[in-house]
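Please read it alongside the sequence and the coordinates.

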Amino acid sequence: MSAVALRGVRFAYGEGAFALDLPEWTVAVGSRVGVVGPSGCGKSTLLGLISGTLTPDAGTVQVGGAALHDMSERARRAWRLRHVGFVFQDFPLVDYLDVLDNVLLPFRLDATLALDDAARARGVALLDELGLGAYRSRSPFHLSQGERQRVAIARALVTQPSIVLADEPTTGLDAARADDVMALLDALVRDRGTTLVMVTHDLRMQDRFDAVLTLGVRP
Amino acid sequence: MIPLRHALYLARRSLSANAGRTIVLVIGLAVALFLPAFTATLGQLAQGRLLSRAEATPILVGHAGNEFDLVMSSLFFRGGVRDTVPFAEAETLQAKRYGVVVPLFVRYTAGGAPVVGTSVEYFDARHLTLAKGRRFATLGEAVVGASVARAANLGPGDAIRTDATNLYDLSGAYPLLLRVAGVLAPTGGPDDDAILVDVKTTWAVEGLLHGHAPVTKKDSVVATDENMEASLSIFMFTEITPESLPTFHLHGTSADWPLTGVLIFPKDDRARDQALGDLAVDTVNQGVRPVAVVRAILDVVLRVQELLAVGGVLVVVSTLAFVGLVLSLSVRLRRDEITLLRRMGAGRGTIAVILGTELGVIALASALLAFGGNGAAARALGWWIGI
């Protein structure tokens with residue numbers, strides 16, 4: 001079974017506006033896939049379709065066996081919290097929560113995710129694994145940019161998602177730091193057998209992916 | 001949907017992380033809630049106490065004139081009356097057997113507290129009990145109210161001097177030392193702030209009843225075989241002791257001595273109606289039903305209170321506008337956080353619950369502060385206003 005399967009997908013931001021067309025695209029379970037292309041080609045739109053924040057005008061979107069195109073918005077939100085981990089470009093954290101609470105934040109947003117001892121233990125273990133075990137009670141204010149990135153990555157993985165969607169996490173980083181972030185993500189998803197779909201226009205990263213989807217701007 | 005305990009947790013963390021903003025919001029909202037609530041509470045408290053005192057006083061007799069002054073002086077020991085009624089009027093009312101007749105003479109103070117000249121019947125008519133000591137029995141003895149006793153640390157055996165009213169009038173009455181015979185149990189009314197004495201004691205303070213050293217021809221300015229008029233050099237007693245008591249005497253007849261008011265506690269409704277009917281045709285004195293007078297006063301107070309309520313509403317509206325502005329700015333400042341939560345999977349309802357819970361906690365804290373403060377302030381001021 002594919003981790004992601006899009007068939008005959010079409011999405012447009014209004015009449016005559018930009019459109020994303022994907023006749024067929026699949027991602028194997030546990031693979032690391034890059035989505036590249038120039039600005040405005042629809043990379044983030046594709047992540048929106050995979051995560052269920054956007055619904056296609058036409059076609060089907062299957063992720064981890066769930067038919068997102070058939071689900072209500074409420075069902076997609078609940079599914080997203082349970083099955084999708086997000087890594088955003090600017091690694092945003094909630095400043096009034098400490099590091100561990102930031103990692104456990106997904107559990108506080110929906111009643112279907114139980115914030116039990118196992119979840120807390122998982123959060124602590126992730127922070128330990130990322131070298132942030134001593135920082136769990138710290139405010140994000142006191143973290144370096146690299147430490148904030150690792151906290152955001154731990155948050156994406158704490159719910160044990162079947163797929164991690166990363167939206168240009170290395171943009172704006174120097175080469176060394178971008179390599180660090182990529183290596184970290186790579187290792188974490190590989191160890192857990194998690195599928196990774198990463199949008200990037202950093203061509204240096206292409207060698208790290210099992211497959212690359214290149215999107216172009218429609219004429 | 002987000003569980004309430006998680007929303008409360010996030011609210012607590014957010015509010016404590018922004019403690020300064022939270023405190024400003026809570027205090028601002030609490031003040032806005034407190035002011036109109038306190039005005040209303042204080043109004044109700046004052047109305048309740050004024051009315052209960054008035055209802056406990058069926059008939060009040062005084063010289064014809066301002067009935068408001070008469071009620072304030074005789075029931076609440078505030079202000080004073082211009083004209084007095086002679087003691088003979090009280091004797092006349094007593095002779096008509098309407099019920100219990102209690103004379104009042106309220107003109108002087110001791111340590112700032114009103115000295116209420118009355119008779120021992122006052123204690124039973126007002127259902128007053130003693131916390132310490134006994135009732136006054138002789139000239140110069142006093143029973144002090146609970147608040148007066150507490151403020152001046154007075155108890156049986158102590159003494160308090162009446163306040164001088166004529167410091168530069170050497171021919172006038174002198175302050176009189178009052179011996180404390182007893183202390184009233186707290187009543188929650190004006191008696192707590194009063195000093196009760198026999199009416200003759202207040203006449204002594206007035207100078208109508210006095211004691212002095214024996215007058216010899218040497219001290220007199222006019223002397224005949226039958227009469228002597230003492231000069232101002234004669235020594236006037238300012239304390240009534242067993243030794244000086246026999247020298248206290250009156251000039252004139254007690255029937256002419258002044259009372260500021262007379263309370264009547266009728267034995268039944270018929271006696272009440274009879275007394276009011278008789279007093280209605282009296283051209284010199286007036287008989288009033290204090291409850292009617294107090295209601296007339298309260299009508300004025302209620303109008304003022306309505307004006308204050310309008311002011312309170314304006315304060316609430318302006319404060320809510322201020323709180324709304326702060327919250328909208330706060331939401332804009334938290335746009336990144338809200339965007340993050342939305343992208344992670346939180347719906348609009350979840351975001352609304354998170355922000356609403358914060359607002360609810362602020363509102364609850366403000367309400368607790370406002371209404372808790374209102375209760376405490378009402379208790380404190382209720383005691384302070386002494387009605």
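## Salt bridges across the interface

In this predicted model, A:Asp167 and B:Arg343 form a salt bridge in which the closest N and O atoms are 3.9 Å apart. The count of salt bridges between chain A and chain B is 3, and the rule for polar contacts finds 5 residue pairs across this interface, with both residues of each pair at pLDDT 80 or more.

On the side of chain A that touches chain B, helix 2 (73–83) and helix 4 (105–108) each supply at least two residues, and helix 4 of chain A gives the most, with 4 residues. Sorted by class, that side of chain A has 14 nonpolar and 8 charged residues, and no polar ones.

## Extent of the contact

The contact takes 22 residues from chain A and 21 residues from chain B. Together the two chains bury about 2,100 Å² between them, and carbon and sulfur atoms account for 61% of that area. Within chain A, the residues that lose the most area to chain B are A:Tyr96, A:Arg108 and A:Leu109, which together make up 39% of what that side buries.

## Chain B as a whole

Chain B has 387 residues, of which 44% are buried, and its secondary structure comes to 11 helices and 16 strands. Among its contacts between residues at least 6 apart in sequence, 75% join residues at least 24 apart.

## Charged pairs within the chains

Over all chains, the count comes to 24 salt bridges by this rule. One of them, in chain B, joins the side chains of B:Arg82 and B:Asp83 at 3.4 Å, N to O; B:Arg82 is exposed, with a relative accessible area of 76%, whereas B:Asp83 is partly exposed at 29%.

B:Arg272 takes part in a salt bridge with B:Asp269 (3.7 Å, N to O) and in another with B:Asp273 (3.2 Å, N to O). B:Arg272 and B:Asp269 both lie in helix 8 of chain B (residues 269–280), where they are 3 residues apart, about one turn of the helix. B:Asp269 counts as exposed because its relative accessibility of 52% is over the 50% cut-off, while B:Arg272, at 28%, counts as partly exposed, and B:Asp273 is likewise partly exposed, at 44%. In chain A, a network of salt bridges links A:Arg32, A:Asp186, A:Arg190 and A:Asp210.

How values were computed
Residues are numbered from 1 along each chain as its sequence is written. Chains are lettered from A and ligands numbered from 1 in the order in which they are written. This is a predicted model: local features need pLDDT of at least 70, side-chain atom pairs count only at pLDDT 80 or more; totals for chains, interfaces and linings use all residues. Side-chain values use heavy atoms; hydrogens and water are left out. Buried means under 20% relative accessible area, exposed over 50%, partly exposed in between (1.4 Å probe, protein chains only). Contact means heavy atoms within 4.5 Å. Buried area is the accessible area (1.4 Å probe) that two parts lose on being put together, summed over both. A salt bridge is a side-chain nitrogen of Lys or Arg within 4 Å of a carboxyl oxygen of Asp or Glu. A polar contact is a pair of N or O atoms within 3.5 Å; within protein, one must be able to donate a hydrogen and the other to accept it, and residues adjacent in sequence count only if both atoms are side-chain atoms. Ala, Val, Leu, Ile, Met, Phe, Trp, Tyr, Cys and Pro count as nonpolar, Asp, Glu, Lys and Arg as charged, and the others, Gly among them, as polar.
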